[in-house]
Amino acid sequence: GYIRLTSFNENSGDQIKKNITKLENDKKVSTYILDLRNNPGGLLSQAIKISDFFLDHGEIVSTKSRNISENRKWFAKKGDLTNGKPLILLINYGSASAAEIVAGALKDHKRAIIVGENSYGKGSVQSIIPLKNKGAIRLTVAKYYLPSGKSISEVGVSPDIEVSEEDNEFKIKTETDNQLNYAIKLLNG
């Protein structure tokens with residue numbers, strides 16, 4: 001079952017859940033590929049929700065702030081929607097923020113094999129403060145940390161298996177997509 005997510009907006013979790021449910025009802029699906037390449041991220045709440053779809057327990061992500069009282073941790077609830085089926089997650093340099101949280105959580109829990117290239121490395125939590133002149137300030141208020149305790153900031157998530165995009169003609173989900181082709185070969189073992 002191939003699922004591609006291009007951003008983390010308020011509908012992302014519901015869309016992924018609907019796709020997984022549809023694929024699970026199709027008895028032929030025995031493995032999954034979650035494609036988060038060129039996904040710039042988005043809502044933390046959706047990253048947590050989507051990570052939880054593939055996990056039965058354990059920490060998903062934590063944030064550490066200047067004020068200790070604002071530090072938070074999020075944990076998975078019981079119930080892997082795919083019943084533990086093999087999962088490959090595709091990332092590249094365009095995978096950032098929420099995409100890195102999902103990749104990092106699934107990698108740290110050894111729930112997915114991460115294939116592709118190192119992710120972007122945007123591990124900061126930002127608050128948007130509206131101004132009177134109708135403008136706004138985006139202020140970094142905390143950093144994200146993976147279950148392993150590592151920060152994503154400026155380092156990103158490294159793949160378990162590095163597969164580079166080979167040429168300038170590269171297009172996701174076409175014959176030139178050697179990362180996806182590698183993932184399919186790996187699952188077909």
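Let's start with the nonpolar surface patch: I129, L131, I137 and L139 make it up, and together they have about 310 Å² of accessible area. Patch members have over 30% relative accessible area and no salt bridge, and nonpolar side chains (Val, Leu, Ile, Met, Phe, Trp, Tyr) are joined within 5 Å. A salt bridge here is a side-chain nitrogen of Lys or Arg within 4 Å of a carboxyl oxygen of Asp or Glu. Areas are Shrake-Rupley, with a 1.4 Å probe.

A word on the model: it is predicted, so local features need pLDDT of at least 70 and side-chain atom pairs 80 or more, while totals for chains, interfaces and linings use all residues. Residues are numbered from 1 along each chain, and side-chain values use heavy atoms, without hydrogens or water.

Back to L139, which sits in strand β8, residues 136–145. Strands are DSSP E runs of at least two residues, and helices are H or I runs of at least four. L139 is partly exposed at 40% (buried is under 20%, exposed over 50%, partly exposed in between).

Now, how many aromatic pairs does the whole structure hold? One. The ring centres of Y93 and Y120 are 5.2 Å apart with planes at 55°, so the pair is tilted (centres within 6.5 Å; under 30 degrees is stacked, over 60 edge-to-face, the rest tilted). These two tyrosines are 27 residues apart, Y93 in the β5–α3 loop and Y120 in the β6–β7 loop. Y93 is exposed at 54%, and Y120 partly exposed at 43%.

Finally, helix α2, residues 44–54: nine of its 11 residues are buried, so the rest of the structure largely encloses it. Among the buried ones are L44, I48, F53 and F54.

Notes:
Patch = residues over 30% accessible without salt bridge, like charges linked within 9 Å, V, L, I, M, F, W, Y side chains within 5 Å. Buried < 20%, exposed > 50% of the residue type's maximum accessible area, 1.4 Å probe, protein only. Phe/Tyr/Trp six-rings, centres within 6.5 Å; stacked < 30°, edge-to-face > 60°.
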